[in-house]
Every structure is written in C-alpha cells, then in structure tokens.
Amino acid sequence: MEQRGEEVPQGLHVAIIMDGNGRWARARGRPRLVGHRQGAKSVRRVVEAAPDLGIRVLTLYAFSADNWQRPAPEVAGLFRLFHRYLRTEIGECLERGVRLSVIGRRDRLPASLVAAIEAAESATREGQVLHLRLAVDYSSRDAILVAAQRLNGAPPTRQAFARVLAQATHAPLPAPDVDLLIRTAGEQRLSDFLLWENAYAELYFTPRLWPDFGASELEVAVREFHRRERRFGAIPEAAAV
C-alpha cells in the first residue's frame, strides 16, 4: 500500500554498499585515500547511468557511524573528499535533474561540511530525474532507536514509523522500500544499512571492488534483479490454481 507522504518513485530504489576502496589502493601500493578518490569517480559513473536503467532513487553508503573507528587522517581525508564532491558535482546534478540528499547524523560532522550539505540539498531540491541519497555518519540501528523515541506514544503504524525514521536521518521524505541492494568487494552482509527499508530488497553481491564498478556492472545487477521473481510472501499465480 502506498504510504502517505512517502516518496513514490516511478522506478527502482537501488541501494549500494560501496566497498573495496582500501583494497583497490593496497593492491596498487597506494594510500587508501587514493582508493577513495577513485571510488568517487565510480559514484559519478553510477549516477550518470542510473536513470537509463529505470532507477529513480539511489542510496549510497558513503560513511557509516562505525567508520569513525578508522584512523583520524583517513576520516579527515574522506570528509575533504566529500566536501569537494559537493562543491564540484552540484552543477552536474542540476544539469541532469538529480536531487541530492544526505541521510544520517550531522551533529558530529564539521560545520563547514554541514553547510555544504545544506547548500547542495537546497540547490538540487527540484531535481526530478533521480534522487541521490548519500548516507553519511549513518547507522540504521541508531536511526530506528531515535525514530522509536519520536513516536512518543503515537500509534506504531508502519506509515507513522517511516515518517519519524526519515526525520531521524534528516531525509526529506520517507524512502520507498529498497528494490535492489548491491554490495561490492565480495562482502555479503548489510552492515547496519537501511535495515527497515531493505525488508524485501533483492540482494546482489559482486566481488568487483568499488573503484572498478561502473555503468556496465550496474546494468548487470539490474538485469539480474529483473530476472528474479518477487512474491512478497505470496505464491506464484500458477501455484495458486
């Protein structure tokens, strides 16, 4: 059932756990930040390819709440890279009709980065072709806890919970359910990513490292998604007669 106030795309919601930047760099004897910079190029390739593959919402896991455990220089480098991405890609987003949102906590991010996020969200809010959501300082379990507190005695319907869950992550609207979850670099786990929204997601794991992921790999994943039968707890029509 359509949820009131929910973003309803005329296409797929694809979420990607972008994994393998560090391994990509290590295999070449380069610092991890070089891998992250290459990963940013993959983000651009995927964003450019998504609309033609029927994707209308694309959520990318950029920085988890657990990633604060990484060395401070790497974290600082990631935030500089993210800030640069916001500064340099906004024009491209506007040209392509991409709305950019950032989900996750903001109270632990540098003030200058929060300002850049808010400016990017404001500048691209009219984008209708693709909604690009970047998860930064994001923990699905923490968001669920905050959302549960915000219900504050209200009837715990799925619709009501989806609304407060969106508020808990600074999302402009509740996200639609994820149709396809992709994880790169061979790992096969959710890592605290969109636990509510991934309830019926089709899972696709690839050994390809994120810096080597691009339009062709995304197309392969979407084709695989369309080959699968999604029953949502029901049974196939042929078996029901």
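Residues are numbered from 1 along each chain as its sequence is written, and side-chain values use heavy atoms, with hydrogens and water left out. Because the model is predicted, local features need pLDDT of at least 70 and side-chain atom pairs count only at pLDDT 80 or more, while totals for chains, interfaces and linings use all residues.

**View 1**
Two packed helices are described by the angle between their axes and the distance between the axes. Helices (H or I, at least four residues) and strands (E, at least two) are DSSP runs, numbered from the N terminus. Axes are lines fitted to C-alpha atoms, for helices over the stretch in contact, and angles run from 0 to 180 degrees between N-to-C directions. The axes of helix 2 (residues 32–49) and helix 3 cross at roughly 20° and come within 11 Å. Helix 2 is therefore roughly parallel to helix 3; angles under 35 degrees count as roughly parallel, over 145 as roughly antiparallel, 65 to 115 as roughly perpendicular and the rest as oblique. The crossing of these two helices is right-handed, a crossing being left-handed if the near helix is turned anticlockwise from the far one by less than a right angle, and right-handed if clockwise. R32, L33, H36, R37, A40, V43, R44, V47 and E48 of helix 2 meet residues of helix 3 including P73, E74, R80, R84, E89, E92 and R96, where contact means heavy atoms within 4.5 Å. Ala, Val, Leu, Ile, Met, Phe, Trp, Tyr, Cys and Pro count as nonpolar, Asp, Glu, Lys and Arg as charged, and the others, Gly among them, as polar.

**View 2. Packing of helix 3 against helix 4.**
Helix 3 (residues 72–96) and helix 4 (residues 111–124) have axes 10 Å apart and pack at an angle of about 15°. They are therefore roughly parallel to each other, and their crossing is left-handed. Helix 3 contributes F79, F82, H83, L86, I90, C93 and L94 to the contact, and helix 4 contributes S112, L113, A116, I117, A120, A123 and T124. The contact of helix 3 with helix 4 has 11 nonpolar, three polar and no charged residues.

**View 3. Crossing of helix 5 and helix 6.**
The axes of helix 5 (residues 140–151) and helix 6 (residues 158–168) cross at roughly 120° and come within 8 Å. The two helices are therefore oblique to each other, with a right-handed crossing. A143, I144, V146, A147, A148, R150 and L151 of helix 5 make the contact with A160, F161, V164, L165, Q167 and A168 of helix 6. Its residues are 11 nonpolar, one polar and one charged.

**View 4. Aromatic pairs.**
The whole structure holds nine aromatic pairs; rings of Phe, Tyr and Trp (its six-membered ring) pair if their centres lie within 6.5 Å, and planes under 30 degrees apart count as stacked, over 60 as edge-to-face and the rest as tilted. The pair of F63 and W68 is edge-to-face, because the ring centres are 5.4 Å apart and the planes lie at 85°. F63 is buried at 3% relative accessible area, whereas W68 is partly exposed at 29%; buried means under 20% relative accessible area, exposed over 50%, partly exposed in between (1.4 Å probe, protein chains only). The rings of F161 and W196 have centres 4.7 Å apart and planes at 50°, so this pair is tilted. F161 lies in helix 6 and W196 in the loop between strand 5 (180–183) and strand 6 (202–205), so the pair ties together parts that are 35 residues apart in sequence. F161 is buried at 10% relative accessibility, and W196 is partly exposed at 33%. Ring pairs also link Y61, Y138 and F193 into a cluster.

**View 5. Surroundings of F63 and V136.**
F63 lies in strand 2 (residues 55–64), and V136 lies in strand 4 (residues 130–138). Leaving aside neighbours within four places in sequence, F63 is in contact with W68, V75, L78, F79, A135, V136, D137 and Y138. V136 is buried, at 2% relative accessibility. With its neighbours within four places in sequence likewise left aside, the contacts of V136 include A62, F63, F82, V102, I103 and L109.
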